[in-house]
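Please look over the model below before reading on. My notes are brief.

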Amino acid sequence: MNHYRELKRTIELALVAMSELDKTIERITEGDFSYNMTLSWRHINEILIYTTRVSRILWNKQQESRRTEIRDKLKVDDASPLHYSKRTVRDRFDHVDEQIDRIEKGELSFAGDFNIGNIKTFAGNLKVGDYFRHYDQTTKTIYFADYKFEIIPIKEELMRIHN
């Protein structure tokens with residue numbers, strides 16, 4: 001399969017997930033709030049999965065010369081928000097069991113999970129690291145503990161590559 005075709009399809013899936021997240025957030029209080037919260041988190045997970053797939057197509061140590069050629073052709077450099085070093089939030093979501101183990105051992109603590117809201121005003125005196133999983137719809141930022149994934153620069157890069 002052609003890497004460029006797969007890249008295009010995966011970018012389109014990521015962009016759809018981003019659009020659907022925005023739509024779900026806009027109507028989160030309409031109808032079944034619990035369902036809309038769950039749907040929002042499904043879209044967040046999709047965004048993380050699809051953007052990681054894009055990153056893997058662009059950076060793969062096993063096929064580095066081919067990946068370098070693809071990145072060069074698409075003008076994607078190591079400063080890209082899709083760079084493999086910026087997958088921490090996705091990795092934390094994917095390996096949530098390890099984070100739960102750390103909580104149980106007392107190595108990590110948190111006050112909230114699966115929240116959506118402005119992180120600066122969400123719940124009193126809580127700060128970024130106090131949340132396990134949080135989405136701030138005002139900045140379009142996904143948090144996992146102290147780590148964050150900013151959707152806006154990712155979306156801009158995906159659209160630039162896609163075009």
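1. Basis. This is a predicted model, in which local features need pLDDT of at least 70, side-chain atom pairs count only at pLDDT 80 or more, and totals for chains, interfaces and linings use all residues. Residues are numbered from 1 along each chain as its sequence is written, and side-chain values use heavy atoms, with hydrogens and water left out.

2. α2 against α6. Helix α2 (residues 33-58) packs on helix α6 (residues 151-162) at about 50 degrees, with the axes 12 Å apart. That makes α2 oblique to α6 (roughly parallel is under 35 degrees, roughly antiparallel over 145, roughly perpendicular 65 to 115, and oblique the rest). I47, T51, V54 and L58 of α2 meet I151, I154, L158 and I161 of α6 (contact means heavy atoms within 4.5 Å). Seven of the residues in this contact are nonpolar, one is polar and none is charged.

3. α1 against α6. Helix α1 (residues 3-26) also meets α6: their axes come within 10 Å and cross at roughly 140 degrees. The α1 side includes L7, K8, I11 and E12, and the α6 side includes K155, M159 and H162. By class, this contact has eleven nonpolar, one polar and three charged residues.

4. D136. Strand β2 (residues 133-136) holds D136. D136 counts as buried, at 1% relative accessibility (buried is under 20% relative accessible area, exposed over 50%, partly exposed in between, with a 1.4 Å probe and protein chains only). The D136 side chain makes a polar contact of 2.3 Å with the side chain of T138 (a pair of N or O atoms within 3.5 Å; within protein, one must be able to donate a hydrogen and the other to accept it, and residues adjacent in sequence count only if both atoms are side-chain atoms). A polar atom of the D136 side chain also lies 3.4 Å from the backbone nitrogen of T139. Leaving aside neighbours within four places in sequence, D136 contacts G117, N118, I119, T141 and Y143.

5. Positive phi. Most residues other than glycine have a negative phi. K75 is not a glycine, yet its phi is positive, about 60 degrees. K75 sits in the loop between α3 (64-74) and α4 (88-94), and counts as exposed at 66% relative accessibility. K140 also has a positive phi, near 55 degrees. K140 is in the loop between β2 and β3 (141-144), and counts as partly exposed at 25% relative accessibility.

Definitions and conventions: Axes fitted to C-alpha atoms, helices over the stretch in contact; angles between N-to-C directions. Helix = DSSP H or I, 4+ residues; strand = E, 2+ residues; numbered from the N terminus. Nonpolar A, V, L, I, M, F, W, Y, C, P; charged D, E, K, R; others polar.
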